[in-house]
Amino acid sequence: MVTPKWLENNVQPIHISDVTYYLEKCLEVDETRNEYLEIGGPEVLSYSNLLKRVGKLAKDREPFMIEVPVLTPKLSSYWMRLVTDVNYNLARSLVDSIKQDMVVKDHKMDK
């Protein structure tokens, strides 16, 4: 798998059941209305490590990754479209989100 350099940015994955828990709780509390709230799982890891874990779970092996410094978001989106069934617009949105760390900075939801 050809990967961009920014795949080393950090992410804080969260299980979908935890997301639904937070959403349900927010509906019960008026103070969360019209608020921007950050949620994340307990662990911070790089996108590449996340891909390796998913690969091990899905195929019982880590994907082979080659980092290339010149892979632009547009090329990355085309690559994702080529190797998955994700349409280009969704691939582009996903790639654009990877270009920065996605880690909880505001911990008011931890309370």
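# Reading a predicted fold: a tutorial dialogue

Trainee: How many helices and strands are in the protein chain?

Mentor: There are four helices and four strands in the protein chain. Helices (H or I, at least four residues) and strands (E, at least two) are DSSP runs, numbered from the N terminus. Along the sequence they follow the pattern β-β-α-β-α-β-α-α. This is a predicted model, in which local features need pLDDT of at least 70 and side-chain atom pairs count only at pLDDT 80 or more, while totals for chains, interfaces and linings use all residues. Residues are numbered from 1 along each chain as its sequence is written, and side-chain values use heavy atoms, with hydrogens and water left out.

Trainee: What box do the C-alpha atoms of the protein chain fill, and which share of the contacts joins residues 24 or more positions apart?

Mentor: Taken along the principal axes, the box is roughly 45 × 30 × 25 Å. Contact means heavy atoms within 4.5 Å. Of the contacts in the protein chain with a separation of 6 or more, 75% are between residues 24 or more positions apart.

Trainee: How is the accessible surface to be read, and what does it come to for the protein chain?

Mentor: Accessible areas come from the Shrake-Rupley method with a 1.4 Å probe, and for residues only the protein chains shown count as cover. For the protein chain the total is about 8,300 Å², of which carbon and sulfur atoms hold 56%. For single residues, buried means under 20% relative accessible area, exposed over 50%, and partly exposed in between (1.4 Å probe, protein chains only). Of the 111 residues in the protein chain, 27% are buried.

Trainee: Which residues make up the largest nonpolar core?

Mentor: A nonpolar core is a set of buried Ala, Val, Leu, Ile, Met, Phe, Trp, Tyr and Cys residues joined through side-chain atoms within 4.5 Å. The largest has ten residues: Trp6, Leu7, Val11, Tyr47, Met65, Met80, Val86, Ala91, Val95 and Ile98. Helix 4 (residues 88–98) gives the most to this core, with three residues.

Trainee: Which residues of helix 4 are buried, and where do they lie around the axis?

Mentor: The buried residues of helix 4 are Ala91, Val95 and Ile98. Seen down the axis, they fall within an arc of 55°, so they line one face of the helix. The arc is that of the directions from the helix axis to the C-beta atoms. Their cover includes helix 2 (47–59) and helix 3. As for Val95, its contacts beyond four places in sequence are Trp6, Pro73, Ser76, Ser77 and Met80.

Trainee: Which residues are buried in helix 3?

Mentor: In helix 3 (residues 73–83), Pro73, Ser76, Ser77 and Met80 are buried. These residues are on the same side of helix 3, because they cover an arc of only 100° around the axis. Among the elements that cover them are strand 1 (2–4) and helix 4.

Trainee: What is the phi of Asn34?

Mentor: Most residues other than glycine have a negative phi. Asn34 is not a glycine, although its phi is positive, at about 60°. Asn34 lies in the loop between helix 1 (16–28) and strand 3 (45–46) and is exposed, with a relative accessible area of 79%.
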